[in-house]
Amino acid sequence: MSEPVGTLDAELFGACPVPQSRYDQIVLGHGGGGLLTNELIQRLFVPAFRNDVLEALEDQATLRLGTDNGVKAPRIAFTTDSFVVRPLFFPGGDIGKLAVHGTVNDLAVGGARPLFLSAAFILEEGMPLADLKRIVASMRSACDEAGVVLVTGDTKVVDRGKGDQVFITTSGIGLVPEGRSLSIRSARPGDYLVVSGTIGDHGIAIMSVREGIEFETVLESDTAPLTDLVRVMLDACPSIRAMRDPTRGGVSSALNELAEASRVGVRLDEAAIPVCAEVRGACEMLGLDPLYVANEGKLIAVVPSADAERLVTVMRSHPLGRNTALIGQVVAEHPGMVTLRSIVGGERVVTLLSGEQLPRIC
């Protein structure tokens with residue numbers, strides 16, 4: 001395995017290297033989307049199931065279903081995700097809406113048109129049927145909004161106290177147009193990084209419920225289907241190289257994965273990164289960094305410099321992209337590493353999250 005992201009050239013930026021971590025049992029940090037998640041995937045799952053599609057480590061697998069009489073079959077995107085959020089209902093959404101949006105978005109940022117979903121429910125004995133009915137209704141509404149159909153599923157029940165009411169696993173299938181190829185391995189020095197709006201809204205909305213934090217205005221999760229925003233972006237700018245929805249591990253994980261996969265450096269400008277006042281204040285109070293907080297209705301795009309301003313203009317015209325911003329650039333220096341030019345001056349390394357900052361948020 002390669003050296004963990006964030007340790008390269010650490011002395012240059014005055015940062016301590018992130019140590020290699022070894023565990024003989026699962027800890028919460030293995031589900032946080034950061035360093036421990038990366039290690040678990042690279043050391044356990046990839047070696048066990050090794051194949052070219054899996055090793056690409058995209059948000060979705062892009063596959064071609066053979067040929068028919070010499071004619072290429074359609075390309076499909078396939079993805080799966082599990083949702084264990086606590087609480088089940090939160091400002092702006094619930095676990096059902098999140099399960100649909102999360103899977104739809106993984107397909108959309110790969111350039112696919114989402115079509116079909118499956119859903120598996122792990123239910124805990126004693127869960128109020130009214131809560132389950134509310135979650136199912138929310139999922140149906142989210143499917144209608146995203147233009148997908150839930151076509152198959154499964155249900156299991158576990159003993160009281162063993163399931164935290166409900167866990168949901170969703171899988172999705174979409175169609176990928178011929179000629180479209182988006183990948184985190186495609187970033188090139190000189191490209192610009194675009195984010196579709198304020199970051200950290202989802203994670204802090206959930207944390208506000210858990211911790212009883214009150215804001216002057218209502219802070220809601222940003223959970224939303226990104227399908228139409230992605231369509232508008234690709235219609236206007238087919239040169240987009242890659243897209244990611246920065247969920248677990250936030251912007252930091254998404255960009256560290258990009259830098260590692262493309263063997264490039266990433267340089268961010270803190271002053272350009274949109275963070276709403278409520279999220280910024282909550283992060284300061286709780287000692288959190290917005291770059292590591294999960295989002296469920298935002299995306300990051302990598303675009304050639306010549307098309308960056310046009311893409312930003314197009315995205316700002318869409319309801320889900322009103323706060324779009326250019327937040328940084330892909331560079332040839334320090335490949336595999338993400339750095340941040342701070343508001344007060346100086347530069348620091350943005351490493352993968354080494355533990356679990358906000359457990360059970362998606």
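## Enclosed cavities

The largest cavity is lined by Met243, Arg244, Ala254, Leu255, Leu258, Ile300, Ala301 and Val302. The elements that contribute two or more residues to this lining are β11 (242–244), α7 (250–262) and β13. Helices here are DSSP runs of H or I of at least four residues and strands are runs of E of at least two, numbered from the N terminus. By class, the lining of the largest cavity comprises 7 nonpolar residues, no polar residues and 1 charged residue. In this division Ala, Val, Leu, Ile, Met, Phe, Trp, Tyr, Cys and Pro count as nonpolar, Asp, Glu, Lys and Arg as charged, and the others, Gly among them, as polar. The volume of the largest cavity is about 50 Å³.

The structure is a predicted model, in which local features need pLDDT of at least 70 and side-chain atom pairs count only at pLDDT 80 or more, while totals for chains, interfaces and linings use all residues. Residues are numbered from 1 along each chain as its sequence is written, and side-chain values use heavy atoms, with hydrogens and water left out.

A search of the whole structure returns 2 cavities of 30 Å³ or more. A cavity is a set of points, on a 1 Å grid over the protein atoms alone, where a 1.4 Å probe fits but cannot get out; a pocket is an open set with protein on both sides within 12 Å along at least five of seven lines; lining residues have an atom within 4 Å of a point. Grid points are joined across faces, edges and corners, and a volume is the space filled by probe spheres set on the points. The second largest cavity has about 40 Å³ of space. Its lining consists of Glu58, Asp59, Gln60, Val109, Gly110, Leu182, Ser183, Ile184, Met243 and Arg244, divided into 4 nonpolar, 3 polar and 3 charged residues.

## Salt bridges

Side chains of opposite charge can pair when their charged atoms come close. With a salt bridge taken as a side-chain nitrogen of Lys or Arg within 4 Å of a carboxyl oxygen of Asp or Glu, the count is 18. Asp59, Arg244 and Glu257 are joined in a network of such bridges. Arg43 pairs with Glu39, with 3.6 Å between the closest N and O atoms. These two residues are about one helical turn apart, because they stand 4 residues apart in helix α1 (residues 35–49). Arg43 is partly exposed at 28% relative accessibility, whereas Glu39 is buried at 4%; buried means under 20% relative accessible area, exposed over 50%, and partly exposed in between (1.4 Å probe, protein chains only).

Arg267 and Glu347 form a salt bridge with an N to O distance of 3.2 Å. This pair links distant parts of the chain, with Arg267 in strand β12 (residues 265–269) and Glu347 in strand β16 (residues 347–349), 80 residues apart. Arg267 is partly exposed at 26%, and Glu347 is partly exposed at 31%.

Lys298 forms a salt bridge with Asp222, in which the closest N and O atoms are 3.0 Å apart. The two residues are 76 residues apart and link distant parts of the chain: Lys298 lies in the loop between α8 (277–286) and β13 (300–303), and Asp222 in the loop between α5 (201–211) and α6 (227–236). Lys298 is buried at 8% relative accessibility, and Asp222 is buried at 11%.

Lys298 also belongs to the lining of the second largest pocket, where Asp201, Lys298, Pro319, Arg322 and Asn323 lie nearest the centre among 18 lining residues. This pocket holds about 310 Å³ of space, and its lining divides into 5 nonpolar, 8 polar and 5 charged residues.

## Cysteines

The whole structure contains 0 disulfides, a disulfide being a pair of cysteine sulfur atoms within 2.5 Å. For Cys143, which is in no disulfide, the nearest cysteine sulfur is that of Cys362, 18 Å away. Cys143 is buried at 5% relative accessibility. Cys362 is likewise in no disulfide, and the nearest cysteine sulfur to it, that of Cys283, is 16 Å away. Cys362 is buried, with a relative accessible area of 12%.

Val338 lies in strand β15 (residues 338–341) and is buried, with a relative accessible area of 1%. Apart from neighbours within four places in sequence, Val338 is in contact (heavy atoms within 4.5 Å) with Leu255, Asn256, Ala259, Val266, Leu268, Arg348, Val349 and Val350.
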